[in-house]
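Subject: Structure handover

Hi,

Here is the structure I promised to pass on.

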Amino acid sequence: MTIELALFYLLSAVTVGCAVMVIASRNPVHSVLFLILAFFNSAGLFLLLGAEFLAMILVVVYVGAVAVLFLFVVMMLDVNFRRLREGARLYWPIGALVGVILLAELILVTGGWAFAGGFETAAPIPSDPSITNTEALGRVIYTDYVYLFQTAGVILLVAIIGAIMLTLRPRGTLRRQDIAEQVHRRPQDTVELRKVDTGAGV
Amino acid sequence: MGEPLLDAVLSILIIVGQILLIVVPLLLAVAYLTYAERKVIGAMQLRQGPMTVGPFGLLQPLADGAKLFLKETVIPATSNKVVFILAPMITFTLAMIGWAVIPMGAGLVISDINVGVLYLLAVSSLGVYGIIMAGWASNSRYAFLGALRSSAQMISYEISIGLIIVSVLICAGSLNLSTIVEAQRGLWYFIPHFPMFMLFLASILAETNRHPFDLPEDEATLVTGYNVEYSSMAFALFFLGEYANMILMSAIASILFLGGWLPPFDIAPLNWVPGPIWFILKICLVLFVFIWARATLPRYRYDQLMRLGWKVFLPLSLVWVVLTSGFLVAFDLLPN
């Protein structure tokens, strides 16, 4: 138990530290790299909870795909951070307000749990050791919540189409490659052998 | 009080021993994979390959290693030093940690986890970071272009790899690699899933940035791509990582499609051979395909590579998932 506790504190401390570094570091690429480390440690926390499927999906989806795109954008964009910081003094009261609201909500939720009782009933249902949590999740998602799951899929599809439509612009001069046409070309259609008399030309 | 501590230390020592048992032969295998590659390509091109160092050039990998080790490590002045040094380490480490879940034989695995396949997907999807960090930290146009190409390519082909794996998983009914191998007793999945096996072989070529998809290190246009600024051991780590990744991907292909440690037929002379030997033989077979492709095929153009990934592999593997699940449901063959 003590090893698990130590691991928990280690992982959560690194997660929080990385989260701070995400907003504190001056180099945007470093920010994204710290974000990735934070994702990793959250995956470790999931593993400690016994949610191995969620941990792996977190790594595959967030670290393996989403964060790579972040990194792409941050590397490609030439962000001028000095100019971004100029406005910071103007906006910090709003940022602080958002932070305070979030903190208050967190205190309300955890405080409500701790003081109002019923903590035991609100705790997650102990998992059935006979089935893996991949299977447990699948059983719930594809039966009870199948409509919500499908709706989420449709929303993502709409988002994909939206993103493609935003970046699609007609480019008149573009020459497209038609692989089927190239494959079906025969030598006799395009190559002609001619006997050319000397000095006469073709 | 001393007892639990002693137990903990002992179990850690056992795990370290197991890790060494995997990593040391793996590094040797990487060294001799480079030798095998040069020999095989040499034979295919009617050359002899390495012949000078040792009998039949057998000591060539050691000589290469010593050469890389003795070279000077050059860190470009304009590079981002921490990330620059971190990148080859990440590449190398990621190529190693995948082996934690690879079962060599029945029960012969360091960590027999429930989500082995997802773990491998996660590790291979992380591989892109070593490359993109190297390209960015080098602060060089060529390296950066190579890194961008590589990451786009790896992300694209991961999707088709994921879908191909899904059709195998539907048949096996588990994410545990040992269970997947045991489910192939009698019929290896490369027979019913033959088209997917072919797609998988092509996809792992792209995933490991090997020929004919080695655009990240397209020497004609990018010098050598993301590792152009690296020298000495930092370069060696990239090199080792790339080859270890090839072996890892071959192991995954053998587990998913070629029945892992199972003998081809469960009959007398074949099942005397221990499982790990079969497994290694299958890995060598897939590795030979890697080398064969390198010696045979010309490099793809980048837009053709993307077209192949998104417009050919992705729809085909998606259709195959639907077909497989439809078939299994219709004939009531679903596992469990």
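The largest nonpolar core has 109 residues. Those with the most contacts inside this core are Trp99(B), Ile102(B), Tyr129(B), Phe200(B), Ile204(B) and Phe257(B). Helix α4(B) supplies the largest share of the core, 16 residues. As a rule, nonpolar side chains in soluble globular proteins tend to be buried together.

Take Ile204(B) from that list. Neighbours within four places in sequence aside, Ile204(B) is in contact with Ile161(B), Met249(B), Ala253(B), Val286(B) and Phe290(B).

Bear in mind that this is a predicted model. The predictor gives the complex an ipTM of 0.81 and a pTM of 0.86. For chain B the mean pLDDT is 87, and 98% of the residues score at least 70. Within chain B, confidence is highest in helix α7 (residues 194-207), at a mean of 92. Confidence in chain B is lowest in helix α8 (residues 219-222), at 69. Where pLDDT is low, the predicted coordinates should not be read in detail.

Now the cavities. There are three of 30 Å³ or more.

The largest cavity has a volume of about 210 Å³. Its lining is made up of 18 residues. Nearest the centre of this cavity lie Gly127(B), Ile131(B), Met154(B), Glu207(B) and Asn245(B). Helices α3 (81-97), α4 (116-137) and α9 (232-257) of chain B each give two or more residues to the lining. The largest share, six residues, comes from α9(B). By class, the lining splits into nine nonpolar, seven polar and two charged residues.

The second largest cavity has a volume of about 100 Å³. Which helices of chain B supply at least two residues each to its lining? They are α4, α5 (141-172), α7 and α9. Here α4(B) gives the most, with four residues. Ile204(B) comes up again in this lining, as do Ile161(B) and Met249(B). Phe200(B) is also among the lining residues. The class count is 11 nonpolar, one polar and no charged residues.

Next, some backbone geometry in chain B. Most residues other than glycine have a negative phi, and most peptide bonds are trans.

- The peptide bond from His211(B) to Pro212(B) is cis, with omega near 0°. Pro212(B) sits in the loop between α7 and α8 of chain B.
- Asn139(B) is not a glycine, yet its phi is positive, near 55°. This residue is in the loop between α4 and α5 of chain B. Asn139(B) counts as partly exposed because its relative accessibility is 47%, which falls between the 20% and 50% cut-offs.
- Asp332(B), also not a glycine, has a positive phi of about 55°. Asp332(B) lies in the segment after α12 (302-330) of chain B. Its relative accessible area is 69%, so Asp332(B) is exposed by the over 50% cut-off.

Last, chain A. How many helices and strands does chain A have? The count is 10 helices and zero strands. Of the 202 residues in chain A, 16% count as buried. Consider the contacts in chain A between residues at least 6 apart in sequence: 56% of them join residues at least 24 apart.

Best wishes

Notes
Residues numbered from 1 in each chain as written. Chains lettered and ligands numbered in written order. Predicted model: local features only at pLDDT ≥ 70, side-chain atom pairs only at ≥ 80, totals over all residues. Heavy atoms only, no water. pLDDT = per-residue confidence, 0-100. 1 Å grid on protein atoms, 1.4 Å probe; cavity = no way out; pocket = protein on both sides within 12 Å on 5 of 7 lines; lining within 4 Å. Points joined across faces, edges and corners; volume = space filled by probe spheres on them. Nonpolar A, V, L, I, M, F, W, Y, C, P; charged D, E, K, R; others polar. Core = buried A, V, L, I, M, F, W, Y, C linked by side-chain atoms within 4.5 Å. Buried < 20%, exposed > 50% of the residue type's maximum accessible area, 1.4 Å probe, protein only. Contact = heavy atoms within 4.5 Å.
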